[in-house]
Amino acid sequence: MNLASIAWKSVKQRSLSSALTSLSVALGVMLMVTVLVIFSVLDSTFSQRSIGYDLIMGPKGSPLQLVLSTVYHVNPPIENLPYRFYKEIQKDPRVETAIPIAIGDTTEQGGFPIVGTIPQYFVIDYAPNRQFMVEGKSLQKPFDALIGSRVAKVNGWKIGSTFRLVHGGNEGHVHNELFTVVGVLAPTGTPNDKSVFVHLDGFYQIQGHDKPFDEAIRRERDFFGEPPLGKAELDAEVARLKKKYSHEGHKHAPGFIEEVPELQKDVTSILLLMKSPSAAILFAGEWKKSFRPAMAINPIFPMQQLMVDVLGGVRIMLIFLTSLIVLVSGIGIFVSIYNSMSARKREIGILRALGARRQTVFSIVLAESILLCGGGGVIGLLLGHGLVFLTAPLVEMRSGIIMNPWSFEPMEAALLPGLLVLATLAGFLPGLLAYRTDVADALQNS
Amino acid sequence: MSLVLQDVRKSYREPGGRTIPILNIASFRMDAGEQVVLLGSSGGGKTTLLNVIAGITAVDSGRVLIGGIDVCKLPEAARDRFRADRIGYVFQTFHLLPAFTALENVLLGMTFSGKGANRAKAIQLLKRVGLSHRMNHRPGHMSVGEQQRVAVARALANTPVLLLADEPTANVDAANQQIVLDLLRESCREEKVALLLVTHAPEVAKQFERVEKLAEFNRPGVAPLAAGASA
């Protein structure tokens, strides 16, 4: 019979009080573990590990809004960039690959964001060393669509399903054009899972997505810093373009899809893979100083700033609060053991009369505190991960964020030693009372 | 191993500051394996004397020699170990731990000795006291007679040289008094353990060959000659 088993007997003897104090520790630890796991998921979701690109180009404005709209599709785009600008960037010798992105619309069913892009988007790793896997085929024809795994699950879409788009902004009307699902992406654990990708060519074919000539001319000249045209010049240019792209004097075969003039095309942002890290830094720096209304930003920085400035503070606050809960539970253990000491005076007296040393009875009380605190901690760890396990499907369904209930945070490793310290503190004073117990007095007064 | 007491004095200080002398024993001796009963009235210092011999209560002065070792001179930790290894103690109110089964209570008696817990021996002892069928019962589910028998088994667990019994039959019903007494005496005889039993009951005392009246050799109110002369 060792000290731990003697302490365990004592714990069992006061089973209700022991269970309640242990449960309070378990609940505190459970909350702490849940907070740690959730923030770890948020950290990996909103960090560089989720983005496979070096830079994002977009209209000048909030870098965070650009990242949130381009990568996470949770914010409206800042503004649009002329397609000619995309072509220009594509030719920059420092750029390895430039992927245009056009967003703003949503699916009629489920309200999932529509992302107009080119097939190459799916060739590039969506995160470092993580490639898109697709069931079906990639985008080939203008009205082809690839859907994320979450979209397929929620909307019940599969290859061959057709759908319409709801126009973004305040109007919210449904476009007539019908898109067909040609492929379903395997789960990625990123916002791609709850996105619908359509061919950029098809995106421009949608009625209303091609800008009127006069507006497009004004915007393009403004963007490139060219002097605005006078009314007569503008009308003449519009007339010239209308004539150029008019269908008068020729007929198209049925099913022919006319390409939208480049001038009328917009992109909301451009994803860039650079030839080298230094090129990315230089490129971003140049665009910071540029007079043009565009910027190139490293997507990591705004998200890291968001994590540190906003979520970091929330994380610390929640950890602080859950630590307080655990601390209060520790005080509960102290109170529980301390209150039991007068009732246990006889028990301690008997142990001492049987030859237990003062240090031995001190250790037994301390072991009891450690059992309560440690036991509660282990149960709390299991409950915390169990809670994540139970809520993961709901979170995934609502937000598309995949939570791995079995991923352990380094901070969790510090939990048990921390609880050990807490248990030692909680058990110290009651242990001291046991240590100082007068044996003859304890036996006589029982 | 013999037990020798020499000039043992013990007094308690009351909250008001008054000193109450409890023990004043000039000399007492019992030999190895001997069985002695100390007859005394309530409040006569019987329990204090046993606690002094067991090293539970420190003396004001004097010597308590067990096998030639002065228990009073041992450091506390060594005294605890000495008690665990060599002294068995049967209390008037049994002092079994309620959360432990009969077997566990006996094992607990072995835990703090240098020999460690010996399950086979604990079972054998419980069989010896006729509780083979109650080994896994807790004290709360046992009769007082059975509880005292568990206490006897626990006291013998470390094969002590001396067994102290403090009114072992006082809380036991009449039917069990003789059983407990016989058990104590026979067990001590078999194990060659010296038995010092204190009681206020003459019917218990008369069963022993050597009966000492505590009042005859414990004179708490009598001061030493030098102190008396100055008083």
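Two residues are taken to be in contact if their C-beta atoms, placed from the backbone, lie within 7 Å. On this criterion, in what is a predicted model, 16 residues of chain A are in contact with 22 residues of chain B. On the side of chain A that touches chain B, the elements that give two or more residues are α1 (3-13), α11 (345-353) and α14 (439-444) of chain A, and α1(A) gives the most, with 4 residues. Sorted by class, this side of chain A comprises 8 nonpolar, 4 polar and 4 charged residues.

Within chain A, the axes of helix α3 (residues 63-70) and helix α10 (residues 300-343) come within 8 Å and cross at roughly 105°; the two helices, α3(A) and α10(A), are therefore roughly perpendicular to each other. The residues that meet are A:P63, A:L64 and A:V67 in α3(A) and A:P302, A:M303 and A:L306 in α10(A), and by class this contact has 6 nonpolar, no polar and no charged residues.

In chain B, 5 strands form an open sheet with parallel pairing, in the order β6-β7-β8-β3-β9. The edge strands, each of which pairs on one side only, are β6 (87-90) and β9 (210-213) of chain B, and the twist from one strand to the next averages 20°. Strand β3 (residues 35-39) of chain B runs parallel to β9(B) and is joined to β9(B) by 4 bridges, with B:L39 standing opposite B:K213 in β9(B). Helix α6 (residues 174-191) of chain B lies across β3, β6, β7 (162-166) and β8 (194-199) of chain B, and runs at about 160° to β8(B).

Notes:
Residues are numbered from 1 along each chain as its sequence is written. Chains are lettered from A and ligands numbered from 1 in the order in which they are written. This is a predicted model: local features need pLDDT of at least 70, side-chain atom pairs count only at pLDDT 80 or more; totals for chains, interfaces and linings use all residues. Ala, Val, Leu, Ile, Met, Phe, Trp, Tyr, Cys and Pro count as nonpolar, Asp, Glu, Lys and Arg as charged, and the others, Gly among them, as polar. Axes are lines fitted to C-alpha atoms, for helices over the stretch in contact, and angles run from 0 to 180 degrees between N-to-C directions. Angles under 35 degrees count as roughly parallel, over 145 as roughly antiparallel, 65 to 115 as roughly perpendicular and the rest as oblique. Two strands pair if DSSP finds at least two bridges between them.
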